[in-house]
Amino acid sequence: MTLYRHLLRESLPVLLLALLFLTAVFLFGFFYAGARWLEGVPLPKVARWLAYHVPGVLVQVFPIALVTTTVLVFGRLSAEGAQFALLSGGIPLWRAALPLLWVGLLLSGLALYLQEKLVPHYNERVRTAWWDEIHTQGAGLFRLKGLQIPIGQGRSLYFEDFDMERKEMVGVRIASFRGEEGTFLFAERGSWEDKVITLKGYRLYRVDFQEVPGLETAQDLLAQTRKVFRVVSQGEVLEVESDLSRARAIADYADTFSFGQDSLSQAWAKIRDPFLAPLEKWRARLEFHSKLALPLANLVLVLLAAAMALRYGRSTGLALGLSVVLALGYYGAFFLGRSLAGIGALPPEVGAWGANLLFLLLGLRALR
């Protein structure tokens, strides 16, 4: 227990500093990448946009920070000859790594909590703030013009243009089908707040396509046409409830870059959905297992980092270089597996968990 207390006392300050440093580096990277569009933006808005990145950044930097901590602490032990003292005292190397394994377990649990509760929400806020507050002032929907946006219950939203001054959609269309009967809602303009789409100057039509062939042989063409094409209603203002919020629509469809909007439970629900298209289910499997595998990397990397540090981390510079190599090696293997699974070359489970399995085997072998 004395050994464990000593290791924890040495490790926790280093871990905290590594987390702060790496988080700052990641946030600076986001700031630098967006610096061209951040000129003239009020500082509180920029700070709020950067703060929204923090939960997602923490999930990514936990493994790197823990590897850095493990390599520095165990590298110091190696430099002081502690490796031989441990072995001489009958303490296997894997037992010496137990305190950091506990820390890794704690970080894994925290990362899973962030993935479930905070990361999806704040990833959504990142995209919404970028397009709705930084690029424009409340006009983030302009990025969605010309797209078919599913808004739930089989309905899709489309608008031809966006009025930047009035912050309104122009030439709006909402279409849905029940069997062969289609419902078409047209409007001159529309606004979208939260989950309510407000249409102005609307017209609602229903078309029964099953009855269309009867038009060719109809005795009373006018009566048959009225049966096929029906004007249901029209008016000045109509509110439509959407299952998709405005913020989520901007986050999902403003560009092609995915920030991972689904939580673990949402990804699992997609996997279990019997009506989900095969390709979407494949992607849901990959997303779900990736969100599980990355947090558990905190446990996997400790073993290999401790073994490598005890053998090769006798100087601080070498230890830091070793931590960079291990972190880059893991993330390279992780994202390579994801990419191969994304194109169908590997099953999603193998693509997501392959890096963890590889580094776990290497770590167990190195600590024997």
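Glutamate 168 is buried, with a relative accessible area of 6% (buried means under 20% relative accessible area, exposed over 50%, partly exposed in between, using a 1.4 Å probe and protein chains only). Its salt-bridge partner is arginine 166, with the closest N and O atoms 3.5 Å apart; a salt bridge here is a side-chain nitrogen of Lys or Arg within 4 Å of a carboxyl oxygen of Asp or Glu. Arginine 166 counts as partly exposed, at 49% relative accessibility. Both residues belong to a network of salt bridges that also takes in Asp163, Arg189 and Lys200.

This is a predicted model, where local features need pLDDT of at least 70 and side-chain atom pairs count only at pLDDT 80 or more, while totals for chains, interfaces and linings use all residues. Residues are numbered from 1 along each chain as its sequence is written, and side-chain values use heavy atoms, with hydrogens and water left out.

Searching the whole structure turns up 13 salt bridges. One of them joins arginine 246 to aspartate 132, with the closest N and O atoms 2.5 Å apart. This pair ties together distant parts of the chain, 114 residues apart: arginine 246 sits in helix H8 (residues 246–253) and aspartate 132 in helix H6. Helices (H or I, at least four residues) are DSSP runs, numbered from the N terminus. Arginine 246 counts as buried at 10% relative accessibility, and so does aspartate 132 at 11%.

Within helix H10, lysine 291 and glutamate 287 are 4 residues apart, which means about one helical turn between them. They form a salt bridge too, the closest N and O atoms being 3.5 Å apart.

Technical notes:
Helices (H or I, at least four residues) and strands (E, at least two) are DSSP runs, numbered from the N terminus.
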